[in-house]
Amino acid sequence: MEIVADLHVHTIASGHGYSTILENVQVAKRKGLLVLGIADHTPSMPGGPSPLYFEARGHFPREVLGVRLYFGAEVDIVDEEGHLDLPERILRRLDFVIVSLHPQVFQGGSREVNTRALLRALEHPLVDIVAHPGNPRYPLDYAEVVDRAVQLGKVIEINNSSFSVSRKGSEENCRLIAQEVKSRGGWVVVSSDAHFCEEVGEFSEALRLLEDVGFPRERIVNASLENLEGFFGRVAQRRRNL
């Protein structure tokens, strides 16, 4: 299956990324990607950038070497009330917002506590994508999370890194999540979660899982430019409606 974009890529700004924007773009171009989304970690992550990094986006290029660039963030959920670690005035300036749970920021708790935190974050109108929800460290009510995401028009990520580098034990959870999204007619995005440039565009395990469950290509955000433009159109519309 062809994938035209990688929307979850980190740079050295994340504190534990090992490549620059240019290095990531060079690999994306070599691998045939048309679009790259830079989604660095936010200030609560140890070593993460200051809020200024996300505010000074006037310096961020929109295209490099023929690869279109979008400037987003992987924003941390900091508590069970679903609060995020960037203020709304900065979130509004981003092209897209990914939310996630990390033990360095929020330890989490029971299935109910984790689910409540994620549901409340999903309700934030500037949130667009939920990252690696299959992480076994954070038990969730997958049916409830997916149902709410679909109702709100939010996207569930199938994170390739969860199968190969981090969050080991995620695969079966991600399979259940993908099946829930499929049954409800929702959207997924496949992502590399690259922290080193050669990982950019690596989706093989995520795509294998989606093929195993018969997930429709037309509901994968980054499976075509048409899907991708529709996604960013919906993101822009939500922001206009605020």
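Analyst: **One loop and its surroundings**

Val 105 has a relative accessibility of 22%, so it counts as partly exposed (buried is under 20% relative accessible area, exposed over 50%, and partly exposed in between, with a 1.4 Å probe and protein chains only). Before going on, please note that this is a predicted model, in which local features need pLDDT of at least 70 and side-chain atom pairs count only at pLDDT 80 or more, while totals for chains, interfaces and linings use all residues. Residues are numbered from 1 along each chain as its sequence is written, and side-chain values use heavy atoms, with hydrogens and water left out.

Val 105 sits in the loop between S5 and H4; helices (H or I, at least four residues) and strands (E, at least two) are DSSP runs numbered from the N terminus. Once neighbours within four places in sequence are set aside, Val 105 is in contact (heavy atoms within 4.5 Å) with Ser 44, Met 45, Asp 76, Ile 77 and Val 78. For Ser 44, the C-alpha atom is 6.3 Å from that of Val 105, although the two residues are 61 residues apart along the chain.

His 102 belongs to the loop between strand S5 (96-100) and H4 as well. With a relative accessible area of 9%, His 102 is buried. Leaving out residues up to four places away in sequence, His 102 touches His 41, Met 45, Glu 74, Asp 76, His 132 and Tyr 138. With Glu 74 there is also a side-chain polar contact of 3.4 Å; such a contact is a pair of N or O atoms within 3.5 Å, where within protein one must be able to donate a hydrogen and the other to accept it, and residues adjacent in sequence count only if both atoms are side-chain atoms.

His 132, one of the partners of His 102, is in the loop between strand S6 (129-130) and H5. His 132 is buried at 4% relative accessible area, and its phi is near 30°, a positive value in a residue other than glycine. Arg 167, in the loop between helix H6 (161-164) and helix H7 (171-184), has phi near 55°, again positive in a residue other than glycine. Arg 167 counts as buried, at 16% relative accessibility.

The axes of H4 (residues 111-122) and H5 (residues 142-152) come within 10 Å and cross at roughly 5°; axes are lines fitted to C-alpha atoms, for helices over the stretch in contact, and angles run from 0 to 180 degrees between N-to-C directions. That makes H4 roughly parallel to H5 (under 35 degrees; over 145 is roughly antiparallel, 65 to 115 roughly perpendicular, and the rest oblique). From H4, Thr 115, Leu 118, Leu 119 and Leu 122 meet Glu 144, Val 145, Arg 148, Ala 149 and Leu 152 of H5. These residues divide into 6 nonpolar, 1 polar and 2 charged (Ala, Val, Leu, Ile, Met, Phe, Trp, Tyr, Cys and Pro are nonpolar, Asp, Glu, Lys and Arg charged, and the others, Gly among them, polar).

Elsewhere, Lys 31 is partly exposed at 29%, and its side chain makes a 2.7 Å polar contact with that of Glu 202.
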